[in-house]
Every structure is written in structure tokens, then in C-alpha cells.
Amino acid sequence: SSTQIGFLNVSTAGAVEASKAVVVDSEFQDLLGFGMVAADSAAVTVRKSRFEGHEIAMMLLSARPSTLENLVVRRIKQLGLFFLKGSKATVTRVSVSDTGSAGLVVSESSEVEAFRVQVRKAGQSAFRVNRRSHLKLRDCGARESGWSGVEVNAAEVTLKDVQLHDSKNHGLFVGASSRVEATGLVIDECGKMGIAVAKGSWAVVRDAKVSRARKFGVAVANKGSYLWLGESEVTRCQGDGVLVDSGATAGLVRVKVMNNTGFGLRKTSGMLEMHGVTNTGNVKGPTELKGAFVKKGRAFKPRSRPR
């Protein structure tokens, strides 16, 4: 318990071949610092292992591809899995629970693909992506997150069949200068907004179900932000179903906005384009639209992803 790092893999400067390590059927418990660290051009493959009771379960700072499979990460004081400084990794069938901060963090130009990763009771966001990094989530989920289910800050995220439940603030938060594409997204019972898109960001969301958010179902705010929402439902939120504010732009195609306690659609400024929107059962009424909006006679595609 007095050890700072349970397993360290570092490639020596000038080495002919990068360091490699395979860890299988191992347990790392109650260390003062890290369960595992891989740095420089080192790479790790970790399977069927358990990390419990550390400050940070695992930190990767390596451009060499690493593989994490069938892991249990729990009771962590800060971060569960931390990828930074150009790390590349594939993460499959991992359970992360009870972290003091975020469950999985991707930062500083790193690239991570995650499949069947579940994060429960993260003290902050379950999945956080920062600073020019890219995270792909497929068949993943988060419950009882202290901030957001997925938080994106000046980065890129691709989501497919992801479920986000019981976040204290947002299900999906698309921070400034971010790019997000999502298909098959389910968001339920968020403390504030189901989907929030901030300044200068671009998001395309298809086949989503957003329900029971305690403020807005979907909010697109600030000049330069853009959301295209198609083939989706926004229901039973304790406020407006869809809010477009502060010069933002939104496009809605075949979206059902129903049974929200505010307006179905509310736009205070910016641009709203619509086709095939079902807007019924909302307590304050179907719409409150100020300024420009367009009802199109046929379905329209999302705007191109900005560079």
C-alpha cells in the first residue's frame, strides 16, 4: 500500500525496439499513486485484470498502440483510465465505477476506441475528451455521473449505440470548438440538459432518444454552434424540448418533440430549419419562435463538418 506505481513500462531513449509488456490475470490494489503507467514509446496489453483503490488506475502516455480488455476498475480516488500525450489505445469490455473524478479521459492529441465500456458513479464526467483528441464509443454507457455522461472540449467524439443515464448536469456536453457525430444515442434523466452544444461546435445526431431532462431536452446556444438532429425523440423534459439561443443554428428532420413541460420548440435568436417535426403535448405550447426559421418541404442533410 506504500508503493507509488504498481507497474511501470517506459521505453529507454535511443532504444532499438520500443518496450512492450503483456499483463494478464493480475490485481493491483490500494496503491498510493498509479496502478499502471506506460510512457514514451512503450506499449501495454492488459487483459482480465483488476485495479482498485489507487489515485489513478492507469495512465498511458505512449504513441504505441495499447490494448485493454476485460478489466475491472473501481474505487479510484481520481481518474479511472487516463490517456494523454498522443496515446493510442483500444479499450474493450471494461467496467469503471466509483471514481473521484472522471471515469475515462482522453487528452492531448490522443486517440482511443472503446467498445462495451461501462462507467458508473464517476465523480465528474464518465467520459471526458480534451484538446484535439478523438474518442470513439460503441455500445458503451454511463450511469450516475457527477457532471456529464460524455464531455467534449475542443476535441472530436464519435458515438454509436451509447446510453447515458442519471447525469447530474448533461447527458452529452459538446464544449467549444468540438465536433461530435452520434447514432443510436439514449439519454435519460439528466439534471440539466440532455444534449448541450456550445460556442463554435458542430454536432450531428441521428436516431436519438432524449427524455426526462430536468431543464431542456436539447439546447444549442452561442453564435457559431450548429446541431443537426434527425429521426429522433425529445420527450417528458421539465422545460423546453428544443432550445435554440444566442445566434446558434439547428436543423431538425423527422424529430418528435412531445410531452415536455415547456415549449416543444423555443428559439430566442439564431436560425432554425425544420422538416417533418411532430410537436405535440407540450405544456406551454408547440412553439415560441422569434426571428428567422424555415420549414422545408423535404428532408435535408447536415451541413458539412468544418475543419
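The largest pocket here has a volume of about 200 Å³, the space filled by probe spheres set on grid points joined across faces, edges and corners. A pocket is an open set of points on a 1 Å grid over the protein atoms alone, where a 1.4 Å probe fits, with protein on both sides within 12 Å along at least five of seven lines; lining residues have an atom within 4 Å of a point. This is a predicted model, in which local features need pLDDT of at least 70 and side-chain atom pairs pLDDT 80 or more, while totals for chains, interfaces and linings use all residues. Residues are numbered from 1 along each chain as its sequence is written, and side-chain values use heavy atoms, without hydrogens and water.

- Among the 16 lining residues, Ala 114, Lys 136, Leu 137, Arg 138 and Lys 160 sit closest to the pocket's centre.

**Nonpolar core**
- In the largest nonpolar core, with 72 residues, Phe 83, Phe 127, Leu 172 and Leu 185 touch the most other members.
- Such a core is a set of buried (under 20% relative accessible area) Ala, Val, Leu, Ile, Met, Phe, Trp, Tyr and Cys residues joined through side-chain atoms within 4.5 Å.
- Beyond four places in sequence, Leu 185 has contacts (heavy atoms within 4.5 Å) that include Leu 159, Leu 172 and Ile 195.

**Around Trp 147**
- Trp 147 is partly exposed, at 37% relative accessible area; that class runs between the buried limit and exposed, over 50%, using a 1.4 Å probe and protein chains only.
- Beyond four places in sequence, Trp 147 touches residues including Gly 123, Ser 167 and His 170.
- Trp 147 and Ala 182 lie 35 residues apart in sequence and 20 Å apart in space, C-alpha to C-alpha.
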